[in-house]
Amino acid sequence: MPLATPLLQTTIAHRAPDRHGKVRDIYDLGDRLLIVATDRISAFDYVLGSGIPDKGKVLTQLSAFWFGRTRGIVSNHLLSTDPRDYPSELAADGAVLAGRSMLVRKTVPLPIECVARGYLSGSGWKEYVATGEVCGIKLPADLVESDRLPEPIFTPATKAASGHDLNITEEEAGKLVGTALVKRLRDLTLGLYREGARHAGTCGIIVADTKFEFGLLPDGGRPPEERLVLIDEALTPDSSRFWPRDGYQPGGAQPSFDKQFVRDYLERIRWNKQPPVPSLPDDVVEKTREKYVEAYRRLTGRELK
């Protein structure tokens, strides 16, 4: 059965998005936002010429699942994923929006990424090899790549307008958002990670690391720590490293439920990671879609809508 045509661009209510992310198109509705997850896929900091069918639906529906599960830890920005609840001017676009959009409360996003790591991989592994630390946190001297850490750690990063986010220490993050607020962010990030890792473990998935974003609701006379809400996405294959538990073997890179087939293909064709961006062959698109959908099914026990 042929795959659906990927959705790469959107025009909602006869208007272009107010903001474009690598994956999401964002429409400003006053005190609310409409976030539409497209099927765009990026690698090595560039959006590629091909999309992955249904990827946006996986990101939206999986985020909604986690927003529901973690509401007891921290509030989030989600109002609805049902187009019937959206403003009337969006009604004509219901078919496009179904399954891949969220109506959310508008917040002031904080200027840091909140990363939790339970395993040593990616930029954390590179930093550990060079310094024995990750974001200023001293780690045991005998760890190998993909090792489980003695306990999960909070490793914030700056948000880069382009290119890679930069890892920073908790102290440096405190200078950006305030000491009291960064302590609250650390506690929430680790609490969310532990809940995500616990549930994923029952589904045969290791959450090696994940990143969260937070925003502040309008003040109303309350301190920032009381106005924090979880925004953007939560515990998806785009924001996390998901590894299959069966076959996990520290000492090297692990297979994953994300862009592995895409990255492997781009390395194989020796793309120089500069424009023009390549398109992907059908088999790479299909295998990547399968991994995203498999992660969704395992974690939620549901079929993608």
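Biologist: Which residues do ring pairs link into a cluster?

Modeller: Bear in mind that this is a predicted model, where local features need pLDDT of at least 70, side-chain atom pairs count only at pLDDT 80 or more, and totals for chains, interfaces and linings use all residues. Numbering runs from 1 along each chain as its sequence is written, and side-chain values use heavy atoms, leaving out hydrogens and water. Rings of Phe, Tyr and Trp (its six-membered ring) pair if their centres lie within 6.5 Å; planes under 30 degrees apart are stacked, over 60 edge-to-face, and the rest tilted. Ring pairs of that kind join up a cluster of F44, Y46 and W271.

Biologist: How many aromatic pairs does the rule give, and what kind is the pair of Y46 and W271?

Modeller: The count comes to seven aromatic pairs. For Y46 and W271, the ring centres are 6.0 Å apart and the planes stand at 70°, so this pair is edge-to-face.

Biologist: How many residues apart are Y46 and W271?

Modeller: Helices (H or I, at least four residues) and strands (E, at least two) are DSSP runs, numbered from the N terminus. Y46 belongs to strand β5 (residues 46–51), while W271 is in the loop between α6 (260–268) and α7 (282–300). The pair thus ties distant parts of the chain together, with a separation of 225 residues.

Biologist: Which one of Y46 and W271 counts as buried?

Modeller: Buried means under 20% relative accessible area, exposed over 50%, and partly exposed in between (1.4 Å probe, protein chains only). Y46 has 25%, so Y46 is partly exposed. At 11%, the buried one is W271.

Biologist: What about Y119 and W243: what kind of pair do their rings make?

Modeller: Y119 is in strand β9 (residues 112–119) and W243 in strand β16 (residues 240–244), 124 residues apart. Y119 is buried at 7% relative accessible area, and W243 is buried at 2%. Their ring centres are 5.7 Å apart and the planes meet at 70°, so the pair is edge-to-face.

Biologist: Which residue lies over the face of F44?

Modeller: A charge sits over a ring if NZ of Lys or CZ of Arg is within 6 Å of the ring centre and within 35 degrees of the ring normal. Elsewhere, the charged end of K291 is placed over the ring of F257, 5.1 Å from its centre. For F44, the residue over the face, 4.4 Å from the ring centre, is K273.

Biologist: Within what arc do the buried residues of α3 fall?

Modeller: Helix α3 (residues 122–131) has G122, G124, W125 and Y128 as its buried residues. The arc is taken from the directions from the helix axis to the C-beta atoms. Seen down the axis, the buried residues line one face of the helix, because they fall within an arc of 150°.

Biologist: And what do the buried residues of α3 pack against?

Modeller: On the other side of the helix, K126 and A130 are exposed, K126 with a relative accessible area of 64%. Contact means heavy atoms within 4.5 Å. The buried residues of α3 pack against β9, β10 (133–134) and β16.

Biologist: Which residues is T70 in contact with, leaving aside its neighbours within four places in sequence?

Modeller: T70 is in the loop between α1 (55–69) and β6 (78–80). At 2% relative accessibility, T70 is buried. Beyond those neighbours, T70 touches L192, E195 and L230.

Biologist: On to the backbone: what is the phi of D45?

Modeller: Most residues other than glycine have a negative phi, and most peptide bonds are trans. The peptide bond from P275 to P276 is cis, with omega near 5°. D45, in the loop between β4 (40–43) and β5, is not a glycine, yet its positive phi is about 75°.

Biologist: Last one: what is the radius of gyration of the protein chain?

Modeller: The chain has seven helices and 16 strands, and 50% of its 305 residues are buried. The radius is taken over C-alpha atoms, and the globule rule is 2.2 Å times the number of residues to the power 0.38. With 305 residues, a compact globule would come out near 19 Å, which agrees with the chain's value of 19 Å.
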